[in-house]
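Work through the following exercises with the sequence and the model at hand. Each task is followed by a solution in steps.

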Amino acid sequence: MGVSQTDGRMEGWLYTIRHNRFGLQFSRKRYFVLHENNLTSFKSVPSDHNEEPERRASLDCCIRVTDNGRESFHRKILFIFTLYNTSNHLDQLKLGASSPEEAAKWIRSLQDASQKGFPIPDCEFFVSHAEKGLVKLDVSKRNRRKNSVDWTNYSSTNYSSTSLNVETNVAPDVIAPSPWKIFGCQNGLRLFKEAKDWDSRGRHWDDHPAIMAVGVIDGTSEDIFNTLMSLGPLRSEWDFCFYKGNVVEHLDGHTDIIHLQLYSDWLPWGMNRRDLLLRRYWRREDDGTYVILCHSVYHKNCPPKKGYVRACVKSGGYVVTPANNGKQSLVKHMVAIDWRSWNLYMRPSSARSITIRVVERVAALREMFKAKQGHGFTEFVSGEFLDTKPCLSKINTMPLKTEAKEVDLETMHAEEMDKPTSARNSLMDLNDASDEFFDVPEPNESTEFDSFIDSSPYSQGHQLKIPTPAGIVKKLQDLAINKKGYMDLQEVGLEENNTFFYGATLQKDPSLTLPCSWSTADPSTFLIRGNNYLKDQQKVKAKGTLMQMIGADWISSDKREDDLGGRIGGLVQEYAAKGSPEFFFIVNIQVPGSAMYSLALYYMLKTPLEEHPLLESFVNGDDAYRNSRFKLIPHISKGSWIVKQSVGKKACLVGQALEVCYTRGKNYLELDIDVGSSTVARGVTNLVLGYLNNLLIEMAFLIQANTVEELPELLLGTCRLNYLDVSKSVKERSRGYTQTDV
């Protein structure tokens with residue numbers, strides 16, 4: 001549909017995503033304009049800037065923007081993002097763009113809208129410490145606009161180089177060797193295999209090695225991404241392995257379960273046909289890079305097919321990076337696969353040759369784009385969800401109880417129009433109830449609809465069957481109790497433990513040999529801002545940490561476990577009971593899975609807090625300030641490349657991507673980080689959990705320095721997690737008492 005950005009004003013067509021009175025989703029096309037911190041909508045393109053909008057809302061520091069990924073609406077694939085009020089989660093607006101690039105532009109602009117023209121360090125905040133989270137106060141429109149800062153979604157990569165928070169360097173923040181070694185070149189592609197610590201001479205191959213092909217394609221990263229994601233019939237124009245495929249289950253906008261059936265004519269003679277059942281995850285990076293990752297899973301609704309042998313993809317995927325100002329793309333295709341062949345002739349070298357042929361599809365993709373230069377690739381976008389079985393797909397629905405709140409729509413609309421324009425500041429005001437029956441027609445939409453009706457089974461004398469209310473209720477109930485229908489092949493069960501001491505449920509192992517243990521990581525592995533960062537944008541090796549790591553928890557529960565530092569009988573409260581002056585900093589990473597896992601890391605500061613101004617301002621600051629400063633640097637030092645690719649090695653401002661609950665105790669500050677609050681992070685976490693007991697995970701935490709006085713940065717602490725195992729997590733039966741309960 002296209003968007004335009006001029007003079008701080010962004011406008012273009014978007015789709016509003018809403019639920020009708022039956023709880024089913026529908027989309028409506030509207031023209032949106034974002035100017036300063038005001039978001040307005042029209043049913044047609046406004047004739048001038050002074051035209052009165054149909055609907056409007058104001059953005060302030062309570063507004064968060066989340067990326068919801070891809071969804072299908074009436075045979076259209078939309079890229080969804082949601083604006084919601086952190087102080088009132090019912091106040092939200094769900095929008096869809098026709099392409100991932102348009103969605104990314106809108107997300108960035110919405111995040112930036114309230115910050116343009118206001119230096120970040122001088123901003124004021126409208127917050128209340130009575131609750132954990134931001135609370136919007138009743139202030140004048142003028143003051144609200146002046147002081148609104150969307151801290152919770154600030155991204156340092158989205159600003160000009162004059163900003164104090166800018167990080168123009170997209171290089172990793174971790175020093176680590178490349179996991180790939182080149183072994184050949186074929187069809188214009190460089191071929192690599194995954195390097196191993198013990199494979200220094202390059203003479204040894206695993207039974208199922210990870211192989212990567214790298215090539216340059218004359219096409220935009222967006223077009224290539226859409227082509228790779230499509231499972232339609234046109235995929236056979238480049239994918240010589242592909243016979244047919246379908247989406248078995250759509251988990252969320254970034255994750256689905258797909259089934260692929262492969263041709264046999266490219267396989268060695270006598271080898272049976274293969275099929276694949278994959279969990280596929282994708283995301284878009286800030287620089288326009290698209291990452292697609294997949295691995296084999298088991299799904300109860302897609303058992304092995306007769307006549308096929310189900311191969312096992314240990315890891316696979318694509319990385320598509322823009323090059324040459326976006327005109328070309330660097331494409332990496334990686335696969336590690338077990339072909340599950342028991343025939344004697346199938347030697348490891350033969351299996352390796354088949355895998356090399358698979359990654360050579362990049363050359364076929366390159367030639368197809370070269371042949372189609374000048375022609376659009378919109379045909380590759382359509383058809384992604386058309387093969388999805390309706391009974392297996394997840395349809396987002398509203399709870400039935402919300403329907404009881406509906407009143408006469410005409411009365412609501414009349415009352416709303418009686419309000420002055422300046423009073424309608426809620427995001428819900430952009431959702432017009434009467435819009436359920438009005439939509440802006442798409443180009444050639446009527447022609448397409450007529451052809452659909454002519455070919456529909458309900459035409460030519462067939463009567464359309466309307467579902468009964470009882471049938472709708474039954475359908476919604478079935479959806480409400482729908483549970484996870486797939487299982488990672490590496491997934492294991494839980495083992496229950498009864499008693500434990502908070503801060504010591506995960507054992508320490510300085511020797512780095514014991515599984516399911518922790519130690520500290522080498523600070524020099526991580527890069528942080530140096531003294532002259534504001535001038536040269538250069539990062540330097542960290543030399544040490546401000547705090548000492550003294551303990552860790554690895555807990556599983558059926559609910560979130562917050563405020564572990566306040567639990568009576570725990571490590572922190574033991575020090576508090578003695579009256580010790582030490583201050584504790586706790587990072588509690590809450591990971592959703594078959595249970596809710598809590599990985600809590602305990603750091604102790606032995607010197608007075610007042611001697612560290614930046615840390616003191618963070619500890620005693622408000623949530624908005626904390627969200628803008630707390631950084632995590634991840635690093636998978638040992639593990640599968642698919643996990644390394646999904647996690648990355650770049651610092652992240654945690655509070656802008658995830659919901660963080662801050663608990664300030666007498667002698668501690670705890671950060672409860674909800675990984676499940678983001679579909680992107682949840683997809684990465686689900687992937688990591690499947691490989692967890694084969695990973696060495698390193699992390700570093702710090703508070704971002706934005707001024708000359710705050711530089712250089714200093715790591716708060718580091719940690720190294722050795723081969724964690726979900727089956728060895730300590731089962732939390734009941735919540736322990738906190739100091740506030742006594």
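**Exercise 1.** Which residues of H3 are buried?

Solution. The model is predicted, so local features need pLDDT of at least 70 and side-chain atom pairs count only at pLDDT 80 or more, while totals for chains, interfaces and linings use all residues. Residues are numbered from 1 along each chain as its sequence is written, and side-chain values use heavy atoms, with hydrogens and water left out.

Step 1: locate the element. Helices (H or I, at least four residues) and strands (E, at least two) are DSSP runs numbered from the N terminus, and helix H3 covers residues 221–229.

Step 2: apply the cut-offs. Buried means under 20% relative accessible area, exposed over 50%, and partly exposed in between (1.4 Å probe, protein chains only).

Step 3: list the residues. Ser 221, Glu 222, Ile 224, Phe 225, Asn 226, Thr 227, Leu 228 and Met 229 are the buried residues of H3. With eight of its nine residues buried, H3 is therefore largely enclosed by the rest of the structure.

**Exercise 2.** Which strands pair with S18, and over how many bridges?

Solution. Step 1: two strands pair if DSSP finds at least two bridges between them.

Step 1: strand S11 (residues 211–217) pairs with S18 in the antiparallel sense over seven bridges. Here Ile 211 is opposite Val 335 in S18.

Step 2: S17 also pairs with S18 in the antiparallel sense, over 11 bridges. In S18, Val 331 is opposite Val 320. A hairpin is formed by S17 and S18, with four residues between them, and Asn 324 in the turn has a positive phi of about 55 degrees.

Step 3: eight of the 11 residues of S18 are buried, so S18 is largely enclosed by the rest of the structure.

**Exercise 3.** Count the cavities and describe the lining of the largest cavity.

Solution. Step 1: on a 1 Å grid over the protein atoms alone, a cavity is a set of points where a 1.4 Å probe fits but cannot get out, and lining residues have an atom within 4 Å of a point. Grid points are joined across faces, edges and corners, and a volume is the space filled by probe spheres set on the points.

Step 1: the count is four cavities of 30 Å³ or more. The largest cavity has a volume of about 340 Å³.

Step 2: the lining of the largest cavity has 25 residues, of which Leu 260, Leu 278, Cys 294, Tyr 318 and Arg 361 lie nearest its centre.

Step 3: strands S13 (255–262), S14 (273–284), S15 (290–299), S17 (312–323) and S18 (328–338) each supply at least two residues of this lining. S17 gives the most, with four residues.

Step 4: sort by class. Ala, Val, Leu, Ile, Met, Phe, Trp, Tyr, Cys and Pro count as nonpolar, Asp, Glu, Lys and Arg as charged, and the others, Gly among them, as polar. The lining of the largest cavity then has 18 nonpolar, three polar and four charged residues.

**Exercise 4.** What is the strand order of the open sheet of six strands, and which strands stand at the edges?

Solution. Step 1: the order is S20-S21-S32-S31-S27-S28, with mixed pairing.

Step 1: strand S20 (507–508) and strand S28 (652–653) are at the edges, each with a single partner strand, so one side of each has no neighbour in the sheet.

Step 2: strand S27 (residues 630–638) and S28 pair in the antiparallel sense over two bridges. Lys 631 has Leu 653 in S28 as its bridge partner.

Terms used: 1 Å grid on protein atoms, 1.4 Å probe; cavity = no way out; pocket = protein on both sides within 12 Å on 5 of 7 lines; lining within 4 Å.
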